[in-house]
Amino acid sequence: MFKLRNLAAKVLSTLLVSIMVVGVMGIESPAASKTLKIMPVGDSCTAGMGDGEMGSYRTDLYRLLTDAGLSIDFVGSQRGGPSHLPDKDNEGHSGWTIPQIASNINNWLNTYDPDVVFLWIGGNDMFVSGGNPNPTGLSNLIDQIF
């Protein structure tokens, strides 16, 4: 199960990095002239599944973005990840659900004013609702972030 999650995280990170790099390069040239403030938001998949020292997708994301020549700054009130992850800031909260993130997101956005938000949330909603997803809550949360 962990290998599947890890693979999914890498695929998602690569896709998101590609989209972001293309978007940034189209908006601003050269892309590295601005430091992008990125807020990773979510549950244990953001904080670090099973162990906060893992860094979850943030470790690969940081490497992929900086290897692409982008200047980035992860932002958030939480800190965690392996020693080789230079920037440990995030809003990963293990066990949290969509409503919990939604009740805090406005404060985090106002405090950190990120340029980009990476959102990975919804798995815990399946546990607390007896296996039912929360698509309306997720849609509302995305609207709230925008």
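Tutor: This is a predicted model. Start with D60, which forms a salt bridge with R63, the closest N and O atoms being 3.8 Å apart.
Student: OK, and where do D60 and R63 lie?
Tutor: Both are in helix α3 (residues 56–67), three residues apart, about one turn of the helix.
Student: What does that make of the three residues together?
Tutor: A network: D60, R63 and D67 are linked by salt bridges.
Student: Is D67 buried or exposed?
Tutor: D67 counts as exposed because its relative accessibility is 58%, and the cut-off for exposed is over 50%. R63 has a relative accessible area of 42%, so R63 is partly exposed.
Student: How many salt bridges does the count come to?
Tutor: Four. One of them joins R79 and D89, with the closest N and O atoms 2.8 Å apart. R79 lies in strand β3 (residues 78–79) and D89 in strand β4, so this pair ties together parts that are 10 residues apart in sequence.
Student: And how accessible are R79 and D89?
Tutor: R79 is exposed, with a relative accessible area of 58%. D89 is buried, at 18%.
Student: Switching topic. What's the overall layout of helices and strands?
Tutor: The chain has six helices and five strands. Along the sequence the pattern reads α-β-α-α-β-β-β-α-β-α-α.
Student: How much of the chain is buried?
Tutor: Buried residues make up 41% of the 146 residues.
Student: And what share of the contacts is between residues 24 or more positions apart?
Tutor: 67%, counting the contacts with a separation of 6 or more.
Student: Now helix α4. How does its span compare with what 15 residues should give?
Tutor: It agrees: at 1.5 Å a residue, α4 (residues 98–112) should span 21 Å, and its end C-alpha atoms are 20 Å apart.
Student: Where is the kink in α4 centred?
Tutor: On N104, and the kink is about 40 degrees.
Student: Which residues of α4 are buried?
Tutor: I98, I101, A102, I105, W108 and L109.
Student: How do α4 and α6 sit relative to each other?
Tutor: Their axes come within 10 Å and cross at roughly 0 degrees. That makes α4 roughly parallel to α6.
Student: And which residues make the contact?
Tutor: From α4 we have I98, I101, A102, I105, N106 and L109, and from α6 there are G137, L138, L141, Q144 and I145.
Student: Last one: what happens just after α4?
Tutor: D113 takes a positive phi of about 45 degrees there, in a residue other than glycine. D113 is in the loop between α4 and β5.
Student: Great, that's what I was after.

Note on methods: Residues are numbered from 1 along each chain as its sequence is written. This is a predicted model: local features need pLDDT of at least 70, side-chain atom pairs count only at pLDDT 80 or more; totals for chains, interfaces and linings use all residues. Side-chain values use heavy atoms; hydrogens and water are left out. Helices (H or I, at least four residues) and strands (E, at least two) are DSSP runs, numbered from the N terminus. The expected span of a helix is 1.5 Å times one less than its number of residues. The bend at a residue is the angle between axes fitted to the seven residues ending there and the seven starting there. Buried means under 20% relative accessible area, exposed over 50%, partly exposed in between (1.4 Å probe, protein chains only). A salt bridge is a side-chain nitrogen of Lys or Arg within 4 Å of a carboxyl oxygen of Asp or Glu. Axes are lines fitted to C-alpha atoms, for helices over the stretch in contact, and angles run from 0 to 180 degrees between N-to-C directions. Angles under 35 degrees count as roughly parallel, over 145 as roughly antiparallel, 65 to 115 as roughly perpendicular and the rest as oblique. Contact means heavy atoms within 4.5 Å.
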